[in-house]
Amino acid sequence: MTFDTIIKNGTVATASDTFPADVGITGETITCIGTDLKSDSPCLEIDASGKYVIPGGIDVHVHLQLPFCGTVSSDDFLTGTKAAARGGVTTLIDFAIQDAERGLMAGIEARMQEAESKVCVDYALHSIITNWNEKIHSEMDQVIEFGIPTFKMFMIYEKEGWQSDDAALFSALSATAENGARICVHAESQKVMSLLIDKYFPEKEKYGAYAHVLSRPNFVEEEAVQRAIKWAEVTQGRLYIVHMSTGEAADLIWEARIKGIDVYAETCPQYLLLDDEVFKDPEKGHLYATCPQIKKPQDSQRLWRALEDGELSIVATDTCTFDTKQKAMWEGDFTKIPFGLPGVETLLPSVYTEGVLENRFSVNHFVSLISTNPAKLMGMYPQKGTLAIGSDADIIIIDPKEKKKIDWQELATNCDWSPFQGMEMAGFPETTLSRGKVVVKDGQFVGNPGYGKFVKRQAWGEV
Ligand code: URP
Ligand code: ZN
Ligand code: ZN
């Protein structure tokens, strides 16, 4: 056979198997997995002796250059996708917000224009619905046909004009029972949260960034998740809860899935590795503000257990980077902190280090959480999310043990701090291939802006 690249002598790990093999790549595709592969003509050989060869990561929740909280998130489609490649993420899913006058497709076209010349790895989009009506309902089919079978709805962000009420959520979920789309929901209870924000606002100097914690107790998420699940149950709709942060919500997901309700959920590294003590730091506490906010150690423990047991299917990042200058806009008022954290570059290392090296789960389970389940649920499997003949050659090579200390100065993320600063992590790729092309070599980015392609996805995705 003729190959363009052979990855030699590595240990291939997929969601189901671990075995020694060479991987042969022709053009953008995996064309052979076997032993002692040789090409009939000269080709690039990459030695992966002693390393894991795994499918590229898929981060299904990323906000690049998002206008939000009076500023724009600092990682754009260029720096964000470079950071993705450096962290072993070869596909990310960003969001296209409904155009207020012209609807969903107009928002998608505009977002694709912003991304096109900058993206260094492949990307897809979720379509954000901010104003549900019959016209949007009919447009869903066109959006799905275009390759976007996932729609985002927010139960909060009233003043941003992004919020969907229960009727909108109910109707959109009903539609998914017919059209096979999935509704991705930011589940927090707006009314009670607003009441608590008003309660702590007069004492904002006293509590500082910790007021963000006080105004969003666990029941703010729990109640909203419960409500969204109820609407999914009665409509037989298809639901996905994004950035889940509480133990209570994990219990609800588990109970719902036992009842046969079509609900899946993701959690994020910030809810697994950090706890709300970070908000008590008078200098840096406000940097960690994100929605939902970081919770207690017992929540992290419950979320890890949910990942181990398969109750939660995906770890994604909710990347929405703001640097210290942007975060400083809060000026001591917790209601003005730009909400969001950097994360796409540290997704795989954080889950690999705390999951696999801490013996919480196997390397195969790790692959399922960061690649195979996202690909299946979001409708791009087996093109993405596995190492198999015919799949895109999105591949990363990682040293199983070698750790490095997280230092924001060494990350490609456009940010002057990291929530994980100083933590020791393994799992950064030495080599990242995106559709057969080496985009990270010896840990350094060597790709090109504009190389990334838009990934068209299918409806009816399931894990
Ligand atoms: O605080 C966050 N997570 N910012 C991004 C928007 C969202 O809610 O996902
Ligand atoms: Zn959100
Ligand atoms: Zn988000």
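A salt bridge, as I use the term, is a side-chain nitrogen of Lys or Arg within 4 Å of a carboxyl oxygen of Asp or Glu. I worked on a predicted model, in which local features need pLDDT of at least 70 and side-chain atom pairs count only at pLDDT 80 or more, while totals for chains, interfaces and linings use all residues. Residues are numbered from 1 along each chain as its sequence is written, chains are lettered from A and ligands numbered from 1 in the order in which they are written, and side-chain values use heavy atoms, with hydrogens and water left out.

**Entry: domains**

I looked up the division of the chain and found domain 1 (5-54 + 386-445) and domain 2 (56-377), with bounds from an automatic or database domain assignment. Their centres, taken over C-alpha atoms, are 27 Å apart. Domain 1 brings 43 residues to the contact and domain 2 brings 42 residues; contact means heavy atoms within 4.5 Å.

I then looked up the buried area, which is the accessible area (1.4 Å probe) that two parts lose on being put together, summed over both. Between domain 1 and domain 2 it is about 3500 Å², and carbon and sulfur atoms give 64% of that. On the domain 1 side, Trp417, Phe420 and Phe445 lose the most area to domain 2, together 19% of what that side buries.

How many salt bridges does the rule find across the interface of domain 1 and domain 2? I noted 1. I also noted a salt bridge between Arg435 and Asp122, with the closest N and O atoms 2.7 Å apart.

**Entry: rings**

I counted rings of Phe, Tyr and Trp (its six-membered ring) as a pair if their centres lie within 6.5 Å, with planes under 30 degrees apart stacked, over 60 edge-to-face and the rest tilted. The structure holds 13 aromatic pairs. Trp304 and Phe361 make a tilted pair, because their ring centres are 6.2 Å apart and their planes stand at 45 degrees. Elsewhere in my notes, ring pairs link Phe68, Phe154, Tyr157 and Trp162 into a cluster.

**Entry: Leu369**

Is Leu369 buried or exposed? Leu369 counts as buried because its relative accessibility is 0%. Not counting residues up to four places away in sequence, I listed the residues that Leu369 touches, among them Leu307, Ile314 and Phe361. Leu369 and Glu266 are 9.3 Å apart in space, C-alpha to C-alpha, and 103 residues apart in sequence.

Definitions and conventions: Buried < 20%, exposed > 50% of the residue type's maximum accessible area, 1.4 Å probe, protein only.
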